[in-house]
Amino acid sequence: VALMEKKAVIFDVGGVLITSPVHAIREYEKELNLPKNTLNAAFIKPNNSFSRLERGEITLSEFCTEFKQECGEAAANIGVVLPSIFSVRELFYRMSKGQPIYEMVETLKKIKKSGIKTCILTNNWIDDINPTPTNHGFHNYVDVILESCKIGIRKPDTIIYHIACDKLGVHPTEVVYLDDLGVNLKPARKLGITTILVKDSHKAIQELQDIVNINLLDSKL
């Protein structure tokens, strides 16, 4: 059975086009001699200040005070006290320093060049602390950029995937979506979007190549 022709590819940013902020969180935990996932537990707590930050309901500076308390609670839950030098600002500064993943960025460019529509779909925040956030120039290679903080909805809310398809002018079954978090892919897959879980960039590109039938791994292209 021939695969339905794909008309658009959606890329997540952190963990797909740039290195994952999770690495920065783990490094900071190590530096502070905290058990692994102490801080991570505060990020994944339902309806926390991080969710509101990513929906654009609060700015980064407003968020810092609330999140410090939530990190303290997450640590207390496992019998740990956060050291006094712990800083949410420092943590988020480090998280914002992700480096582009070269082969993934090249893949984005090739997809765009082939005539398939491209979209960036990212959970992001309003950074009023670092006024000049890092710009990797991805906007030059995408048709649509959707940031959670600008539309008031964050992944994995199903509505965000509908918005992406609407903006791209495509049906969910005509879309491929790459993300490094399975929780974000699940609702997209239910809509009929073809999903790729990115744990290894090379494997993910190979998978994408097989789906869109474009040579993405030949560096000469």
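Predicted model: local features only at pLDDT ≥ 70, side-chain atom pairs only at ≥ 80, totals over all residues.
Close-up 1. Asn-33 sits in the loop linking H1 and H2. Its phi is near 55°, a positive value in a residue that is not glycine. Most residues other than glycine have a negative phi.

**Close-up 2. Asn-37, in the loop between H1 and H2.** Phi is positive at Asn-37 too, near 75°. Asn-37 is partly exposed, with a relative accessible area of 33%.

**Close-up 3. The cis peptide bond between Lys-155 and Pro-156.** Omega of this bond is about 10°. Pro-156 belongs to the loop between helix H7 (148-151) and helix H8 (158-168). Most peptide bonds are trans.

**Close-up 4. The largest nonpolar core, with 26 residues.** Leu-39, Phe-63, Phe-67, Leu-91 and Phe-92 touch the most other members. At least two core residues come from each of helix H1 (21-31), helix H2 (38-44), helix H3 (49-54), helix H4 (60-77) and helix H5 (88-95). H4 supplies the largest share, seven residues. In soluble globular proteins, nonpolar side chains tend to be buried together.

**Close-up 5. Contacts of Phe-92.** Neighbours within four places in sequence are left aside here. Phe-92 is then in contact with Phe-43, Phe-50, Leu-53, Leu-60, Phe-63, Phe-67 and Trp-125. Phe-63 and Phe-67 are also listed, with Phe-92, among the residues that touch the most other members of the largest core.

Definitions and conventions. Residues numbered from 1 in each chain as written. Heavy atoms only, no water. Core = buried A, V, L, I, M, F, W, Y, C linked by side-chain atoms within 4.5 Å. Buried < 20%, exposed > 50% of the residue type's maximum accessible area, 1.4 Å probe, protein only. Helix = DSSP H or I, 4+ residues; strand = E, 2+ residues; numbered from the N terminus. Contact = heavy atoms within 4.5 Å.
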